[in-house]
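Hi there,

Here is the structure I promised to pass on to you. Please open it next to this email, so that you can find each place as you read.

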Amino acid sequence: MVLKRDYEKKEVVKAIAEMWAPLTQAEKRVLLHDIHIKNFKKNHFIYKASDLPTRMMVLIQGKVKIYKLGRNGRSQIIRAIKPMEFFGFRAYFANELYKTEAMALENAEVAFFNTETIVKLMKENFHISLFFLNYLSKELGQSDDRTVNLTQKHIRGRLAEALLLLKNNFGSEEEDDTLSIHLSREDLASLSNMTTSNAIRTLSNFANENLIAIDGRKIKIVNSDELIKISQFG
């Protein structure tokens, strides 16, 4: 078991090194020495709001949602994390506690690094700093787009956008266009900034219009072209 976990650590560090390339052997050894891998069961917290952000995280397997609780206790999903994406580091660089929470959408495996270790590497290697500058810039742009869309689009447009976002981020199952991520109606509503009842009603309308097919939590995209139109103009 130890040998298997050691091999897994090396594979994760190898994948990160390819994203940050070029890295020296010494820098790779620092990552390998610092990495800690932990498993989380579905619906378990990875971090909570007001926690101290001391570790940077990389999702290895599974799916994770980043969300924020409003004043009324209603949650708003900010984004969904897919394998080999970094998360949980913005608060550190902003010198503040976590404002969001991270929860496993399904059984997940996460790699942790001490943020101070990563910052030290960033100071030594410009390519790592550039990677995170690019990463945060893209996230900010996507966040700006989502803010406008969630506040200005009608319900149909918001839900269509959410479904297309899930397809683009997580892909479909091999045999057809069924989304590989199976969100609850509550999570889908949170991602679309609407009530659960509105999400259920709109999903049903999409199914009646043969835009999607529903089987429990499984959603199959039947007519992506029409969903794109609804997302753009809805």
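Predicted model: local features only at pLDDT ≥ 70, side-chain atom pairs only at ≥ 80, totals over all residues.

Let's begin with the strands. Strands of a sheet pair through backbone hydrogen bonds, either parallel or antiparallel. Here, four strands make up an open sheet, and their order across it is 2-7-4-5. The pairing in this sheet is antiparallel. Which strands stand at the edges? They are strand 2 (45–47) and strand 5 (75–81); each has a single partner strand, so one side of each has no neighbour in the sheet. On average, neighbouring strands are turned by 30° against each other, if you ignore direction.

Now follow strand 4, which pairs with two strands you can pick out by residue. Strand 4 (residues 64–69) and strand 7 (residues 101–104) run antiparallel and are joined by four bridges. One place to look is Val 64, whose bridge partner in strand 7 is Ala 104. Helix 7 packs on this sheet as well, where it touches strand 4 and strand 5. The direction of helix 7 makes about 95° with that of strand 5.

Strand 4 also pairs with strand 5, again in the antiparallel sense, over six bridges. Within that pairing, Ile 66 has Arg 79 of strand 5 as its bridge partner. Strand 4 and strand 5 form a hairpin with five residues between the strands, and in this hairpin Gly 73 takes a positive phi near 85°.

**Two pairs of packed helices**

Two packed helices are described by the angle between their axes and the distance between the axes. On the helix 2 side, the contact is made by Glu 27, Val 30, Leu 31 and Asp 34, while helix 4 brings in Thr 117, Ile 118 and Leu 121. Sorted by class, this contact has four nonpolar, one polar and two charged residues.

Next, look at helix 6 (residues 155–170) and helix 7 (residues 185–192). Their axes come within 9 Å and cross at roughly 110°, which means that helix 6 is roughly perpendicular to helix 7. From helix 6, the contact uses Arg 158, Leu 159, Ala 162, Leu 163, Leu 165 and Leu 166; from helix 7, it uses Leu 188, Leu 191 and Ser 192. By class, that contact has seven nonpolar, one polar and one charged residues.

**The aromatic rings**

How many aromatic pairs does a search of the whole structure find? The search gives 14. In one of them, the ring centres of Phe 86 and Phe 132 are 5.3 Å apart and the planes are at 75°; planes over 60 degrees apart count as edge-to-face, so this pair is edge-to-face. Phe 86 sits in strand 6 (residues 86–87) and Phe 132 in helix 5 (residues 126–152), so to speak two distant parts of the chain, 46 residues apart.

Phe 89 lies in the loop between strand 6 and helix 3 (90–93), and Phe 132 lies in helix 5, so the pair ties together parts 43 residues apart in sequence. Phe 89 is buried. Ring pairs link these residues into a cluster made up of Trp 20, Phe 86, Phe 89, Tyr 92, Phe 93, Phe 131, Phe 132 and Tyr 135.

**Backbone details**

Last, here are some places to check along the backbone. The peptide bond from Ala 21 to Pro 22 is cis, with omega near 0°. You will find Pro 22 in the loop between helix 1 (2–20) and helix 2.

Met 84 is not a glycine, yet its phi is positive, about 70°. Met 84 lies in the loop between strand 5 and strand 6, and it is partly exposed, with a relative accessible area of 25%. Asn 193, not a glycine either, has a positive phi of about 60°. Asn 193 is in the loop between helix 7 and helix 8 (196–208), and at 25% relative accessibility it counts as partly exposed.

Happy exploring!

Definitions and conventions
Residues numbered from 1 in each chain as written. Heavy atoms only, no water. Contact = heavy atoms within 4.5 Å. Nonpolar A, V, L, I, M, F, W, Y, C, P; charged D, E, K, R; others polar. Axes fitted to C-alpha atoms, helices over the stretch in contact; angles between N-to-C directions. Parallel < 35°, antiparallel > 145°, perpendicular 65-115°, else oblique. Pairing = 2+ DSSP bridges. Phe/Tyr/Trp six-rings, centres within 6.5 Å; stacked < 30°, edge-to-face > 60°. Buried < 20%, exposed > 50% of the residue type's maximum accessible area, 1.4 Å probe, protein only.
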